[in-house]
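Please read the points below alongside the sequence and the structure.

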Amino acid sequence: MNPPSVQDLLAADSHAVPAPLLDDSWLDQGLGGIPRSRYTSAEFAALENEFLWTRTWQFACLEAEIADPGDYVVYDVADQSLLVTRGPDGSVKAFHNSCLHRGTKLRDDDGRAKSFRCPFHGWRWDLEGTLVELPANWDVPQVWEDPVASCLPEALVAVWAGFVFVNMDLEGPMPEPAETTVLPPEADWHEAPGMGGLAAVFEQDMANLPKVQAGLKSQGKRTVSFARYQEGRFRHMHRLMDRHIEAGLVADGRDPAVLDPHCA
Ligand code: FES
């Protein structure tokens with residue numbers, strides 16, 4: 001007999017299940033193993049870098065981590081690095097963490113700075129990304145005298161509810177701005193404007209949290225365990241990654257079959 005599906009479990013739930021969770025537009029994730037090459041193949045890593053990490057919105061840090069002007073967080077993903085920083089005017093910017101001279105990484109760790117000086121030959125940019133110091137600038141007037149090309153390249157930034165997101169694809173879609181709502185501990189998720197259908201899902205998750213915690217302590221009893229839940233999430237994540245990479249390959253006129261050896 002097959003183990004119960006998520007929909008079987010939801011149907012047996014003693015509480016009302018939010019409609020979004022009952023959407024049956026499911027995709028068979030299969031039961032086969034995930035190919036190891038997804039974690040080891042240089043070819044697959046290159047596809048991820050090209051079509052996923054440099055073209056999608058990602059959570060970089062909390063606004064509270066860069067509360068004051070000059071605070072910065074180094075956000076590393078795949079072979080890319082961004083400096084996410086608070087400017088003098090209070091706005092948040094994300095600069096590519098790479099010197100325009102020889103590509104030296106400007107910062108390795110989070111911190112606070114008045115400006116970003118390259119540790120190699122001393123080129124220095126202010127918190128707006130403007131080149132403000134270039135030792136021996138007479139040697140490279142084409143850089144020193146070009147106020148646009150000498151700026152640190154930026155990524156897109158969107159701040160939502162205290163979370164800072166970045167996207168290296170400057171052509172990427174900008175999300176709609178949203179108000180920040182601070183809910184007291186006893187409040188219902190529905191009281192946060194803009195949550196929409198997600199409020200019902202969050203309420204369900206909150207109700208299930210004690211069961212998940214109990215499952216973590218179940219000491220081998222066969223339950224709907226956190227491990228099984230995670231397995232489903234991982235499969236779903238891999239599918240999502242495939243869809244992004246495949247769409248990028250097709251848009252570039254390349255053969256998406258290169259993904260096949262890395263798919264379950
Ligand atoms: S590599 Fe940064 S100043 Fe030369």
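Is Cys263 buried, partly exposed or exposed, going by its relative accessible area? In this predicted model, Cys263 has a relative accessible area of 26%, so Cys263 counts as partly exposed.

**Cysteines**
- Cys151 is likewise partly exposed, its relative accessible area being 25%.
- With the sulfur atoms of a cysteine pair required to lie within 2.5 Å, the count of disulfides comes to 0.

**Second largest pocket**
- The second largest pocket holds about 520 Å³ of space, and its lining is made up of 21 residues, among which Trp160, Thr181, Trp189, Ala192 and Met195 lie nearest the centre.
- By residue class, the lining of this pocket divides into 16 nonpolar, 3 polar and 2 charged residues.
- Helix H5 (residues 198-216) gives the most to that lining, with 4 residues, while domain 1 (6-54 + 188-262) and domain 2 (58-167) each supply at least three residues to the lining.

**Aromatic pairs**
- Across the whole structure, a search finds 5 aromatic pairs.
- In the pair of Phe59 and Phe165, the ring centres are 6.0 Å apart and the planes stand at 65 degrees, which is over the 60 degrees required, so the pair is classed as edge-to-face.
- This pair links distant parts of the chain, since Phe59 belongs to strand E1 (residues 58-62) and Phe165 to strand E10 (residues 163-167), 106 residues apart.
- Phe59 counts as partly exposed at 39% relative accessibility, and Phe165 also counts as partly exposed, at 24%.
- Ring pairs join Phe59, Phe163 and Phe165 into a cluster.

How values were computed
Residues numbered from 1 in each chain as written. Predicted model: local features only at pLDDT ≥ 70, side-chain atom pairs only at ≥ 80, totals over all residues. Heavy atoms only, no water. 1 Å grid on protein atoms, 1.4 Å probe; cavity = no way out; pocket = protein on both sides within 12 Å on 5 of 7 lines; lining within 4 Å. Points joined across faces, edges and corners; volume = space filled by probe spheres on them. Helix = DSSP H or I, 4+ residues; strand = E, 2+ residues; numbered from the N terminus. Nonpolar A, V, L, I, M, F, W, Y, C, P; charged D, E, K, R; others polar. Domains from an automatic or database assignment. Buried < 20%, exposed > 50% of the residue type's maximum accessible area, 1.4 Å probe, protein only. Phe/Tyr/Trp six-rings, centres within 6.5 Å; stacked < 30°, edge-to-face > 60°.
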